[in-house]
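Student: I would like to go through this structure and ask what lies behind the terms used for it.

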Amino acid sequence: MSDVPFGFGIGGGRDPEDEGGPGKGEDPFAALFGAGGSPADLGAAFQRLGQLLSWQGGPVNWDLARDLARQAVAGAGDRSVSAAERAEVLDAMRLAELWLDPVTGFPAGAASAVAWSRAEWVEKTVPSWRELVDPVAGKVVESMGAMLSGEGGTLSLPGMPGELPEQLRGLAGPGGPLGQMMQTMGGAMFGAQIGQALGSLAVEVVGSTDVGLPLAPGATAALLPQNVAAFGEGLGVPPDQVRLYLALRESAHHRLFAHVPWLRSHLVDAVTAYASGIRVDTSRLEEAMGRIDPANPAAMQEALTEGLFEPEDTPAQKAALARLETALALVEGWVDEVVDTAAAPHLPSASALRETVRRRRASGGPGEQTFASLVGLELRPRRLREAAALWRALLAERGLEGRDAVWAHPDLMPTADDLDDPESFAKGPSSTPLDLSSLEDTEAPPEPDDRPE
């Protein structure tokens, strides 16, 4: 287990000006309400506010998140995918499938292969992000409602310092109009922040599986040619080798998730279980809400990115953390090992590309770091190398079919302790069939004579 709680800030935070990538030094709330001072800008701001207050789609305003993510992508530079690039991606995916066939028992899992622009990545992956983020974001929205109803302390509203007046408390209870408004505004605030984070991520990702599970709908394997080219810059590796190696990773992820039907829900359930143990620092939230000024709508930004979330230090929460970390490591370790085996005979730069990907997955880019601090969740495998060693040991001990058979049921999966001793797990009882032949040679004891004398 790591010393710093998984995916959580410890206070202090990072200066947004120090972050790279799109949105550097930008204020998502300026985009939310409009930063100009002209009557036209003010009218647009009120129109936008009306749209935000009408959102009823859950704890995060995903329409706003999508819009701001696309704005961030456009600001960072996005270009359409050319016909030549689409053909290169399709060829790379086809070749990747051929190379993977001999090294895993799982057949091809992607129904189609596409090349995306950064904006297309945002549009296509928002539903999956929603599935992952809503359980965490709901905690903040619930806390805001609890503060208004008096369950979480006092609240300083804009222009109204101190405790909420008694005459307004009836409106702030569960289902009250003021409470509903604050929940809607909480969803907008979260949507603005997540939009900025996703816009930054869209400049870093190279495909649909960078976070460890497929984000694209309909078993679609995807690469982003613009980002693939950026990934290969400075490596001294021919672009076609970089593209092929990343296509192998994308295809391997899809094979695993397509043929292990319980895996996706297992990961999502692990995220949800971990989110259920998160508590929100209501004192920090109250302080942030008290600082909100209509003339300075960015007052919430600092608190949202500086330790607002804290994991509960309970056995259940620690178990949920271990489950999530281990599941992510096992997925990435299997992909890492299978792809290396497939690429080594064909790509001279396979080892260098493998190490580059490992370091990238271990550290994460600015967009991933921003996302982690915002929603309290890192989707990074902290024990990738140990997991890869475990799958390698299983292959040596049980063969290809025996290695992949471990994915047959969640109860067969290695635990965090098994990552510490992969050789013992590989040589464990499941590596040898249970011998029941001796039971057939044993004479059954005579049945008791229960007849009355």
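The dialogue below takes the terms in turn.

Student: What kind of model is this, and how many helices and strands does the protein have?
Tutor: The model is predicted. Its secondary structure comes to 19 helices and four strands.

Student: What is the mean pLDDT, and which share of the residues reaches 70 or more?
Tutor: The mean pLDDT of the protein is 76, and 62% of the residues reach 70 or more. Over residues 1–25 pLDDT stays under 50, although the model has 55 contacts beyond four places in sequence for them. Over residues 152–161 pLDDT also stays under 50, with 26 such contacts in the model. Where pLDDT is low, the predicted coordinates should not be read in detail.

Student: How many residues does the protein have, and what percentage of them is buried?
Tutor: The protein has 453 residues, and buried ones make up 50%. As for contacts with a separation of 6 or more, 81% of them are between residues 24 or more positions apart.

Student: Why is A252 called buried?
Tutor: The relative accessible area of A252 is 0%. The cut-off for buried is under 20%, so A252 qualifies. A252 is in helix α9, residues 239–259. Leaving aside neighbours within four places in sequence, A252 is in contact with L100, W334, V335 and V339. A252 and W334 are 82 residues apart along the chain, and their C-alpha atoms are separated by 8.8 Å.

Student: Which residues of the largest nonpolar core touch the most other members?
Tutor: The core has 85 residues, and those that touch the most other members are W62, W121, W129, W334, W391 and W407. Helix α13, residues 315–343, gives the largest share of this core, 12 residues. In soluble globular proteins, nonpolar side chains tend to be buried together.

Student: What makes the pair of W121 and W129 edge-to-face?
Tutor: The structure holds four aromatic pairs. In the pair of W121 and W129, the ring centres are 6.3 Å apart and the planes are at 65°. Apart from neighbours within four places in sequence, the contacts of W121 include W116, L198, L201 and L215.

Student: Why is the pair of W391 and W407 called stacked?
Tutor: The planes of W391 and W407 are 15° apart and the centres 5.0 Å apart. Stacked means planes under 30 degrees apart, with centres within 6.5 Å, so this pair is stacked. The pair links distant parts of the chain, 16 residues apart: W391 is in helix α16, residues 384–405, and W407 is in the loop between α16 and α17. W391 counts as buried at 0% relative accessibility, and W407 is buried at 3%. Ring pairs link W262, W391 and W407 into a cluster.

Student: How do you know that T125 is buried?
Tutor: Its relative accessible area is 0%, and the cut-off is under 20%, so T125 is buried. T125 is in helix α5, residues 118–148. Not counting residues up to four places away in sequence, T125 touches W116 and L215.

Student: Why does A219 count as partly exposed?
Tutor: A219 has 31% relative accessibility. Buried is under 20% and exposed is over 50%, so A219 falls in between. A219 is in the loop between α7 and β2. A219 has a positive phi of about 50° although it is not a glycine. Most residues other than glycine have a negative phi.

Student: How do you know that the buried residues of α8 line one face of the helix?
Tutor: The buried residues of α8, residues 225–232, are P225, N227, V228, F231 and G232. Seen down the helix axis, they fall within an arc of 160°, so they line one face of α8. G234 follows α8 and has a positive phi, near 80°.

Student: What span should α10 have, and what do its end C-alpha atoms give?
Tutor: Helix α10, residues 263–276, has 14 residues, which at 1.5 Å a residue should span 20 Å. The end C-alpha atoms are 20 Å apart, so the two values agree. The buried residues of α10 include L263, H266, L267 and Y274.

How values were computed
Residues are numbered from 1 along each chain as its sequence is written. Side-chain values use heavy atoms; hydrogens and water are left out. Buried means under 20% relative accessible area, exposed over 50%, partly exposed in between (1.4 Å probe, protein chains only). Helices (H or I, at least four residues) and strands (E, at least two) are DSSP runs, numbered from the N terminus. The arc is that of the directions from the helix axis to the C-beta atoms. The expected span of a helix is 1.5 Å times one less than its number of residues. A nonpolar core is a set of buried Ala, Val, Leu, Ile, Met, Phe, Trp, Tyr and Cys residues joined through side-chain atoms within 4.5 Å. Contact means heavy atoms within 4.5 Å. pLDDT is the predictor's confidence in each residue, from 0 to 100. Rings of Phe, Tyr and Trp (its six-membered ring) pair if their centres lie within 6.5 Å; planes under 30 degrees apart count as stacked, over 60 as edge-to-face and the rest as tilted.
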